[in-house]
Structures are given as C-alpha cells and as structure tokens.
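Dear colleague,

Here is the structure I said I would pass on, and below it you will find my notes on what turned up in it. Please read them with the structure open beside you.

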Amino acid sequence: MAGRRRASKHGVVVLCLLLASLVACGGRPAADDSAKTDVQRVLDLRAAAVLDRDRAAIARTGAADWWSDLSAVPLASWSYKVTSVHRSGAAATADAELRYQVQGYDSAPVTVGRVLDLSLDASGHWYVVRERPAAKAPQQLWDQGPVTVVRGRHSMVLGVGQSGEKLHSFADLADRAVPAVSDAWGTGWSRHVVVLVPRSLDGMAGLLGSPASSYRGIAAVTTGETGAPAEAPADRIIVNPDAYALLGTLGRQVVLTHETTHVATRAATTAATPLWLSEGYADWVGYRGTGRTPAEAAPELAEAVSARRVPRSLPSDADFGFSGSATGLALSYESGWMACRMIADRWGEAKLDAFYRAVGAHDKRPGAVENALAKTLDTNLRDFTTQWRDYLRDRLGRPSA
C-alpha cells in the first residue's frame, strides 16, 4: 500500500510537470481551441437562423447570399459540428459536418462534409465568408443555384434551373411509382420519395461527387446507405435531365419506378446482395404491369441470344460498372431482370420477394445466393443458372445454342 501511495505522488509530480510544459509551450493549441469554440458558437447561431428562416440573423453571422438558394427547401433540422479550425491571423478555415433533415421526408439527419472560410471583424468576432462542400464530398442541390420545390402526393421534387412544369412531371411519375412499388414489395417502407433534378449532367455528377463521364447515358440513380435500418435517412433519386429527355413516356415511368424500388428495398439490400438481383428486381418492378415483352424490354439480350451468345453465368457486380460499354451494361441489367422475371413466373411473386430478402439477410456475400436459393426456391445455383439460360432461349424465342 505504501508503495502505491508513493507511486501516486510521483504520478502527480509528473502530471504537474507535464501540465507546466503544456502551459509554457502550448499557447498555440489553446488559441486554436479558443478559435474552434468561437467558430462553433457562430455556426450554432447561423444554424438557428436558418431554421428560423431569418435572413437578417443569418447575415449577422456572415455571408447570406446563399440563403436565397436554400430558402425554398423545407427543413426540420440544420446544425454544424466543427471538427477542426485552421487559423492564419485574422482568417480561418473550418472543417465541419453539416447535419440536416428535409421536413416530412428524412427520418434522421443527413450528414455531409463542409468547409467554411471565416474572417475576424473589427470587434474580434468571427463571421462566415463562404461555405462549400468538403474535398471529395458531394455538392448539395442549393450549391448549384436557387432550389424550386414541387410537392406530389407521395413525393417531393427539388430542382435547379428547371421549370415548374418539368418538376411537376417528375412528381407525377413519382406519384405513380410509389403505389406500383408498394403493390409489388409491400407497404413496409416510407412510401414517399425525394427526387433531385439538377440543371444538367454536370449537376448530377456534382451531387454524386463523381466525374460526369461516369453517368453519361444514365437516366437516374438512387443514393442511400445500403443495409441501413428502415428508418435511415438520405434516400435521394437523382435525375440526369440530359439522358431523361431522350426517353419516351413509358421509359420515363419505368426509370422512376425502378429507382423508387431501390428506395423501398434499401433496408433489405445489403453487402450480401449481388447487383444482378438488386438491379434485376428493380427492373422487374419497373416493367411489371406494362405489358412489355422480354424481346421489347431486353433488346440487347435478345440480339445476343439470336446470335447464339447465351450468357453462361449471371452477371458479376463488375459487369454493372458505368465505365464499361453501353451494350455490356444493358446486357447485365437485362440478364438480371430476366432472372427475377423467371423466379416470378415459375415460383411466384411472393417467392421472388422472399428470395430477395433472404439473400440480403445473409451475413456476407459468399453463400448468400446459394443459401437463399435452397431455402426459398428449393434449388441450387448450378440448376438455377441452367434454368435461367433455358428461360432466355424460351422467352426470347431463340433456338438452343
């Protein structure tokens, strides 16, 4: 016991010496901590002003021009968490996490990285000069200009540089898609969607934080956290207006229904789910009830089967890369769709849904499809693949290879 008391005294001495060293040599960290606290205080005031929709109060914390771009967006929450401050005299750059919710649609805050440039005013208070996305972080729609908001029965459409008429057309598509998806998948999801319509392909790429070349020819994508719980936030259908304009009426509806399916199935879609299943199922729901035949909906695959080039296996995840050829990508989507269509035809729609959920419930990718095939369809991957290849020949009306 005495030894322990002596050790404790020595520890106190060492700690005191360490603290003294920090006081003597650590003036800068203390100043940085003070700046971080001061900046956080300013951003807290700024966030409160945003929620109060008080432009004058926003202006008291710094630049307020961007408020006109954001002001139409209905917000349930808005807050900043400063993670670091880099100060150089009367100027500073703050790294922060912005957390916000779209009112009525996000069940929890979306978190995005932001960078804020700040300056000290004559009274020694920090004010915001500019706010922008963090490096490698995606833009938010209001970073691209004034946001216009259109509400549907089951949707909210936010656009930049688009007419109200155009945004209403997307709301109509989404409002038809939501009931169609619920009819196929069930009602155990939010049953509403947020659609973002930027000005152009470049705007879409900015919202995704990726090069525009990655999405050229892609009409829309859905963002969200794969495998997140059902109440997780941040599902967004992001439209490529350039590619969308090239689609006919049916094509536009199929795309919105496809993307809405991703919103509905996200909680059941995990790292164990292969893309041929998640994309194939979304296409199956998209085409369900349209009357489109396999040859009409899968022209690239029909041509391949006609040329006796029946795929030997289901497509891999790599086959769905946007950087590949348009024909190869179409073949992958069409192959996945036909696999899901076959399950619905031969085992029934309820079995298709059960299979999808069973794959996603597996704890890892290896064995997920195989176990789900055995559990829900009483088959194995080899026999399933053989049946699928025969189904392609049969439904596409081509002779056996």
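**Notes on the chain**

Of the 401 residues of the chain, 46% count as buried, meaning under 20% relative accessible area with a 1.4 Å probe and protein chains only. This is a predicted model, in which local features need pLDDT of at least 70 and side-chain atom pairs count only at pLDDT 80 or more, while totals for chains, interfaces and linings use all residues. Residues are numbered from 1 along each chain as its sequence is written, and side-chain values use heavy atoms, with hydrogens and water left out.

The chain holds 15 helices and nine strands, taken as DSSP runs (H or I of at least four residues for helices, E of at least two for strands) and numbered from the N terminus.

Four of the strands make an open antiparallel sheet in the order β1-β2-β3-β4, where pairing requires that DSSP finds at least two bridges between two strands. Because β1 (75-88) and β4 (126-133) each have a single partner strand, they stand at the edges, and one side of each is left without a neighbour in the sheet. Between β1 and β2 (residues 91-102), the antiparallel pairing runs over 12 bridges, and S88 has A91 in β2 as its bridge partner.

Elsewhere, the axes (lines fitted to C-alpha atoms over the stretch in contact, with angles from 0 to 180 degrees between N-to-C directions) of α12 (residues 326-346) and α15 (residues 381-395) come within 10 Å and cross at roughly 95°. The two helices α12 and α15 are therefore roughly perpendicular, a label that covers 65 to 115 degrees.

Best regards

Terms used. Buried means under 20% relative accessible area, exposed over 50%, partly exposed in between (1.4 Å probe, protein chains only). Angles under 35 degrees count as roughly parallel, over 145 as roughly antiparallel, 65 to 115 as roughly perpendicular and the rest as oblique.
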